[in-house]
Amino acid sequence: MSDLKLQHLEKIYDNKVQAVYDFDLDVKDGELIVLVGPSGCGKSTTLRMVAGLEDISKGKLIIDGKDVTRMPPKDRDIAMVFQNYALYSHMTIYENMAFSLMLRKENKNEIHQKVLAAAEILDLTSQLNKKPSQLSGGQRQRVAMGRAIVRRPKVFLFDEPLSNLDAKLRSATRREILLLHKRLNATMLYVTHDQTEALTLADRIVCMSMGHVQQIGTPLELYDTP
Ligand code: ADP
Ligand code: ADP
């Protein structure tokens, strides 16, 4: 079980910009939620508060019944999937995926099992000894996901993961995210400004406008109105 409660979250930056206010959402275990809205409406700030990369000014964040509002990122059981440019070019694919677990000083055998399991899910088993530069764009994108999967997080976060990709890679990556969602039955929060992306991915869509939640609903509920 990994449900996530965002309770009246609020963010006021140091320059007094109120980026997010009264953000209220219950994410069910295994749900894929897409936050959608125009640039500057507070999507990324919301995601970063959940990740622990931004302090929460007001409100509470609960994961599996545990209040993590003031917890550092490493204690939150959450993984943010960064785009492929965040791979370490001098390391092998294996090392890229193992790296965060090595930093946590996990047992070598366990790390090995986790990396192999993630590679299997992502069809990267035969690529483990290669360097990122030897992989295709789609494969590199999967390695970026692999780095999150090995940590077995309760919640996966995606911040506009398709925005810098060409059309072919976008659809491949979108498929990959959906597959991951199904296979791991993972709880996911996904940010985009693209409504089509929201419609094709989401279990539920959260529409944001000027720092607050305007509407929440399934794709059908939100866009199938006559
Ligand atoms: P979105 O992800 O929807 O584009 P953001 O969360 O990035 O929106 O930004 C929401 C608002 O907060 C914007 O007005 C933006 O200018 C402001 N903002 C974002 N980051 C910072 C920051 N580090 N300091 C001050 N203001 C910020
Ligand atoms: P198993 O026998 O459990 O299936 P292997 O030991 O054959 O797994 O390893 C599978 C792949 O994992 C190898 O091709 C290798 O690339 C990679 N690998 C294993 N251990 C390491 C390590 N310590 N450092 C880097 N890569 C490793």
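A residue counts as buried when its relative accessible area is under 20%, as exposed when that area is over 50%, and as partly exposed in between. Keep this in mind as we walk through the structure, which is a predicted model.

Let's start with Tyr88. Its relative accessibility is 32%, so Tyr88 counts as partly exposed. Phe99 has a relative accessibility of 24%, so Phe99 counts as partly exposed too. These two residues have something else to show us, and it concerns their rings. A pair of aromatic rings is described by the distance of the centres and the angle of the planes. The model has 2 aromatic pairs. In one of them, the ring centres of Tyr88 and Phe99 are 5.1 Å apart and the planes meet at 65 degrees, so this pair is edge-to-face; the angle that decides this is anything over 60 degrees. Where do Tyr88 and Phe99 lie along the chain? Tyr88 sits in the loop between strand E6 (78-81) and helix H2 (93-103), while Phe99 belongs to helix H2, so the pair ties together parts that are 11 residues apart in sequence.

Now look at another aromatic pair, formed by Phe158 and Tyr190. Here the centres are 5.7 Å apart and the planes are 40 degrees from each other, which makes the pair tilted. Phe158 is in strand E7 (residues 155-159) and Tyr190 is in strand E8 (residues 187-192), so this pair links parts that are 32 residues apart in sequence. Phe158 and Tyr190 are both buried.

Next, find ligand 1. Which residues are around ligand 1? They are Tyr13, Asn15, Val17, Ala19, Pro38, Ser39, Gly40, Cys41, Gly42, Lys43, Ser44 and Thr45. Sorted by class, this shell holds 5 nonpolar, 6 polar and 1 charged residues. Helix H1 (residues 43-51) gives the most to the shell, with 3 residues. A nitrogen atom of ligand 1 is 3.3 Å from an N or O atom in the side chain of Tyr13. An oxygen atom of ligand 1 lies 2.7 Å from a polar backbone atom of Gly40, and an oxygen atom of the ligand is 3.0 Å from a polar backbone atom of Gly42. On its own, ligand 1 exposes 560 Å², and the protein buries 61% of that.

Ligand 2 has its own surroundings: Tyr94, His112, Leu116, Leu128 and Asn129. By class, its shell has 3 nonpolar residues, 2 polar ones and no charged ones. An oxygen atom of ligand 2 is 2.3 Å from an N or O atom in the side chain of Asn129. For His112, an oxygen atom of the ligand is 3.3 Å from a side-chain N or O atom. Of the 550 Å² of accessible area that ligand 2 has on its own, the protein covers 42%.

Let's finish with two single residues. Leaving out neighbours within four places in sequence, Thr173 is in contact with Gln141, Met145, Leu162 and Leu165. Ser2 is found in the segment before strand E1 (4-12). With 11% relative accessibility, Ser2 also counts as buried. Not counting residues up to four places away in sequence, Ser2 touches Lys28, Asp29, Asp64, Lys154 and Thr187.

Definitions and conventions
Residues numbered from 1 in each chain as written. Chains lettered and ligands numbered in written order. Predicted model: local features only at pLDDT ≥ 70, side-chain atom pairs only at ≥ 80, totals over all residues. Heavy atoms only, no water. Near = heavy atom within 4 Å. Polar contact = N/O pair within 3.5 Å; in protein donor to acceptor, adjacent residues only side chain to side chain. Areas by Shrake-Rupley, 256 points an atom, 1.4 Å probe, with all protein chains shown as cover. Nonpolar A, V, L, I, M, F, W, Y, C, P; charged D, E, K, R; others polar. Phe/Tyr/Trp six-rings, centres within 6.5 Å; stacked < 30°, edge-to-face > 60°. Helix = DSSP H or I, 4+ residues; strand = E, 2+ residues; numbered from the N terminus. Buried < 20%, exposed > 50% of the residue type's maximum accessible area, 1.4 Å probe, protein only. Contact = heavy atoms within 4.5 Å.
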